[in-house]
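This briefing is meant to be read beside the sequence and the model.

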Amino acid sequence: MLPVSHWMAGVCSVSFLYLTAPIAGESVQHVDAASCKQCHEEIYQQWSGSMHANSSALKDPIHGAFYKNVVGDPTQEDVKAGNGKYPVCLKCHAPVAAMEGSTKLDAKPAYAQGIGCTTCHSFSAFKGTDTPDGKPLYGTDAYEMDKASLYGPSGISYTTERTPADAKWPTPVHHPVPMQGNKSELFKSNDACMGCHEKRSNPHGTPLCRTGDEYRTGKNFVSCQACHMSIVSVPKLKDGQVVAGEMISIPDHSMAGGHDDKMITRGIALSMDTKQEGDVIKATLLVRNRLPHAYPTGAPFRNFFIRVATYDKDGQMLWKNYEVHPIKDDPKAAFWYTLGDEAGNPTMPPKATQVLSDTRLKPNEVRTLEYEIPVKPGTSILRAEALYDLLLPPIKANMKGKLPDDLLTPKLVAAVEIRL
Ligand code: HEC
Ligand code: HEC
Ligand code: HEC
Ligand code: HEC
Ligand code: HEC
């Protein structure tokens, strides 16, 4: 019997019996997700459709486009960022490449894969996202990364040895890859996410992403996992086929967010009160963020806007609160983050030296918008809609034709309507 601690000593060559990936001399981070699929097929399926499995510049078209602009070619070695240093992006978007100092993401499957099973499941401790002297620790730098063993949340002890058929408890449970189930606190807390999601600033120190800080100001104690990895019951899979009549309950590894049309509807609620005075409707619209982080959160170009419009009984639009986009024509109906340069002009994330404004909804905020709407002849419906966009209008204009249309189309996330 090989005790688990044997693996902690860093010996990692003999026991990957079940694995299809070549292992000799490679760290556990190189064990391919495909070899986990054999036994964790349902989790594998969720993960493979997630942005974690598609986070590298080779897989995510939006990140890929920005990476090429700001850093360079993701298939070349020794690429440096604008500041002459190793590109910080890779510490979160291609963490295994970052651990090994490579920028050639097609060199190894684990680099291209992005955030694999063995990336998160080799965290053995969270160090926080700042050094004692205040320097940022991003992604894999924020964690102790075990190169020989995996970890999970259950508290169960595993062995890579075969468990004899007649063994009785306390014989450790067999796992084909070194696995310790003793990191319950880490995997069930926000620490499992914060290394990459807490905060990020550009090289000028201007904050770009602040999901973790937002969450803290929200003074809420619901973990990230409670919403983003809630327990779901899914049909059991065997070799890609549904096993009839069998379900399995697992923490949802699709970790949905801004790319998921359903998830984005979970964060927001609209309600509206109206009063007609002559040929004007006075409408009070309440926009409520149901989340303990901003809505939208994350990347600085995420945004949403409100369309308020009247229609006749055939659905013909008679009046709308903006011409081109609320950012221009009705700023109170635009919820976005504006970054600026020294002179105070709006600019892109890498160049920004200041935050010009932040009108996204704060954690659990309720925002009130007032409208005076002209009642044109035939007006019979008043409808307000919230529309979510992954990217801001100027970026969308730049990306037209370069990105799939779906990524450039605003998504309806909430609506309220009144029949007059
Ligand atoms: C982004 C980080 C992350 C990635 C990537 C990830 N996991 Fe997890 N996994 C977690 C966390 C966190 C938990 C604990 C969730 C909880 O208990 O609330 C977990 C739990 C699990 C569990 C325990 C399930 C249970 O019933 O309690 C298994 C098994 C697992 N993951 C397998 C995988 C496999 C296989 C992959 C790749 C296909 C994978 N994970 C990818 C973070 C991750
Ligand atoms: C030969 C089958 C097999 C393979 C291959 C396999 N596992 Fe497991 N794994 C299991 C079994 C069985 C359990 C215990 C029951 C459960 O939690 O699903 C388990 C449990 C886990 C857990 C939960 C740990 C805890 O806290 O108890 C994680 C995380 C996990 N596996 C990750 C992985 C990853 C990542 C891979 C690929 C590198 C992998 N497994 C490959 C069979 C396998
Ligand atoms: C090793 C870094 C890392 C860790 C750890 C990590 N993430 Fe992520 N996560 C990312 C990156 C990078 C992306 C963006 C991928 C992209 O869009 O290119 C992402 C994307 C997401 C998204 C957005 C998905 C979408 O639809 O746009 C959600 C939600 C998310 N992660 C939740 C979590 C949660 C919850 C945890 C903790 C259990 C976690 N992540 C742990 C790096 C990480
Ligand atoms: C009460 C449920 C809930 C909790 C708790 C929660 N989230 Fe979210 N999160 C959501 C919903 C719903 C969305 C989609 C709307 C949005 O993008 O704001 C979302 C969106 C996200 C996104 C997507 C951003 C993007 O650009 O695509 C990330 C990343 C994220 N959350 C991370 C986290 C992290 C990290 C935590 C823990 C600190 C957390 N969330 C806690 C519900 C929750
Ligand atoms: C601290 C970790 C971290 C670092 C460093 C990082 N990112 Fe990200 N990035 C994320 C996370 C997490 C998300 C997705 C969730 C969100 O919006 O917060 C994301 C999302 C993105 C997106 C949106 C992707 C999409 O599909 O919509 C782009 C573009 C992006 N990052 C570019 C970059 C570039 C370029 C760099 C380097 C200059 C970089 N990131 C550095 C964590 C990071």
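This is a predicted model: local features need pLDDT of at least 70, side-chain atom pairs count only at pLDDT 80 or more; totals for chains, interfaces and linings use all residues.

Side chains of opposite charge can pair when their charged atoms come close.

**Other salt bridges**

- The structure holds 24 salt bridges, and among them is the pair formed by the side chains of aspartate 213 and arginine 216, with 3.0 Å from N to O.
- Aspartate 213 and arginine 216 are separated by about one helical turn, because they stand three residues apart in helix α11.
- Both members of this pair count as partly exposed, aspartate 213 with 25% relative accessibility and arginine 216 with 45%.
- A further salt bridge joins the side chains of glutamate 417 and arginine 419, where the N to O distance is 2.5 Å.
- Glutamate 417 is partly exposed, with a relative accessible area of 33%, while arginine 419 is exposed, with a value of 61%.
- Glutamate 417 and arginine 419 also belong to a network of salt bridges that links them with Arg307, Arg383 and Glu385.

**Surroundings of ligand 3**

- Around ligand 3 there are 20 residues, of which His52, Asp60, Cys193, Cys196 and His197 come nearest.
- The side chain of histidine 52 places an N or O atom 2.9 Å from a nitrogen atom of ligand 3.
- Oxygen atoms of the ligand take part in contacts as well: one is 2.7 Å from a polar side-chain atom of histidine 259, and a polar backbone atom of glycine 257 lies 3.2 Å from an oxygen atom of ligand 3.
- Helices α5 (90–93) and α10 (191–197) each supply at least two residues of this shell, and α10 accounts for the largest share, with four residues.
- Sorted by class, the shell around ligand 3 consists of ten nonpolar, nine polar and one charged residues.

**Iron of ligand 5**

- The iron atom of ligand 5 has a single donor from the protein, namely the NE2 atom of His93 at 2.2 Å.
- Histidine 93 lies in helix α5, which is also one of the elements that supply at least two residues to the shell around ligand 3.

**Surroundings of ligand 4**

- Ligand 4 is surrounded by 25 residues, and the closest of these are Cys224, Cys227, His228, His293 and Arg302.
- An N or O atom in the side chain of arginine 302 is 2.5 Å from an oxygen atom of ligand 4, and a polar side-chain atom of histidine 293 lies 2.9 Å from a nitrogen atom of the ligand.
- The backbone contributes through threonine 297, of which a polar atom is 3.5 Å from an oxygen atom of ligand 4.
- Two or more residues of this shell come from each of α10, α11 (211–217) and α12 (224–228), and α12 gives the most, with three residues.
- By class, the shell around ligand 4 divides into 14 nonpolar, nine polar and two charged residues.
- Domain 1 (4–251) and domain 2 (263–419) each provide at least three residues of the shell around ligand 4.

Key:
Residues are numbered from 1 along each chain as its sequence is written. Chains are lettered from A and ligands numbered from 1 in the order in which they are written. Side-chain values use heavy atoms; hydrogens and water are left out. A residue is near a molecule or strand if one of its heavy atoms lies within 4 Å of it. A polar contact is a pair of N or O atoms within 3.5 Å; within protein, one must be able to donate a hydrogen and the other to accept it, and residues adjacent in sequence count only if both atoms are side-chain atoms. Ala, Val, Leu, Ile, Met, Phe, Trp, Tyr, Cys and Pro count as nonpolar, Asp, Glu, Lys and Arg as charged, and the others, Gly among them, as polar. Donors are N, O and S atoms within 2.8 Å of the metal (3.2 Å for Na, K and Ca); water is not among the atoms, so sites may look incomplete. Domain bounds come from an automatic or database domain assignment. A salt bridge is a side-chain nitrogen of Lys or Arg within 4 Å of a carboxyl oxygen of Asp or Glu. Buried means under 20% relative accessible area, exposed over 50%, partly exposed in between (1.4 Å probe, protein chains only).
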